[in-house]
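Hello,

Here is the structure I promised to pass on to you. Have a look at it first, and then read on for what turned up in it.

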Amino acid sequence: TNVKLAVLTVIALVGDKSVQYNPAGSDGSEVAAGILAAPLDTTAATGVAGSWAPYYTGGDFNHAALVWPAVTDTLAERRAAFASTDTIKISTVI
């Protein structure tokens, strides 16, 4: 499946692919793993084994600047997405 994701999209890792974080998923996409540092577009590529782009695995991020799925709209939900890691912190606008 081809993907096209913007920089600062919250991602999950499913198999050999970076995908948009999906809290309702059940295939691994429900586990937030990082934040894209560059756009990811595999829609024009063929024969690509994986879909990877540089992504952040640590830092303190303004939740309003990140690209979230529409169902993740509160600060508490956004912080909960990264609760399993102590390397990514989600903050409010300062």
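Tyr 56 counts as partly exposed in this predicted model, because its relative accessibility is 37%, a value between the cut-offs of 20% for buried and 50% for exposed. Phe 61, on the other hand, is buried, with a relative accessible area of 12%.

A pair of aromatic rings is described by the distance of the centres and the angle of the planes. By the pairing rule there are 2 aromatic pairs here. In one of them, the ring centres of Tyr 56 and Phe 61 are 5.5 Å apart and the planes meet at 55 degrees, so this pair is tilted.

The other pair is Trp 68 with Phe 82: the centres are 6.3 Å apart and the planes stand at 75 degrees, so these rings are edge-to-face. Where do Trp 68 and Phe 82 sit in the chain? Trp 68 belongs to the loop between strand E7 (59-62) and helix H1 (75-81), while Phe 82 is in the loop between H1 and strand E8 (88-91). They are 14 residues apart, and the pair links distant parts of the chain. Trp 68 counts as buried at 9% relative accessibility, and Phe 82 is buried too, at 2%.

Now for the core. In soluble globular proteins, nonpolar side chains tend to be buried together. The largest nonpolar core in this model has 11 residues, among them Phe 61, Trp 68, Ala 81 and Phe 82. Setting aside neighbours within four places in sequence, Ala 81 is in contact with Tyr 21, Ala 32 and Trp 68. There is also a second, separate core of 6 residues, including Val 3, Leu 36, Leu 40 and Ala 53.

Back in the loop between E7 and H1 you will find Ala 64. Which residues does Ala 64 contact, leaving aside its neighbours within four places in sequence? They are Arg 78 and Val 93. Ala 64 and Arg 78 are 14 residues apart along the chain, and 9.8 Å separates their C-alpha atoms.

Strands E2 (residues 10-14) and E3 (residues 17-20) pair in the antiparallel sense over 4 bridges, with Leu 13 opposite Ser 18 in E3. The hairpin has 2 residues between its strands, and Gly 15 takes a positive phi near 60 degrees there.

Enjoy exploring!

Best wishes

Terms used. Residues are numbered from 1 along each chain as its sequence is written. This is a predicted model: local features need pLDDT of at least 70, side-chain atom pairs count only at pLDDT 80 or more; totals for chains, interfaces and linings use all residues. Side-chain values use heavy atoms; hydrogens and water are left out. A nonpolar core is a set of buried Ala, Val, Leu, Ile, Met, Phe, Trp, Tyr and Cys residues joined through side-chain atoms within 4.5 Å. Buried means under 20% relative accessible area, exposed over 50%, partly exposed in between (1.4 Å probe, protein chains only). Contact means heavy atoms within 4.5 Å. Rings of Phe, Tyr and Trp (its six-membered ring) pair if their centres lie within 6.5 Å; planes under 30 degrees apart count as stacked, over 60 as edge-to-face and the rest as tilted. Two strands pair if DSSP finds at least two bridges between them.
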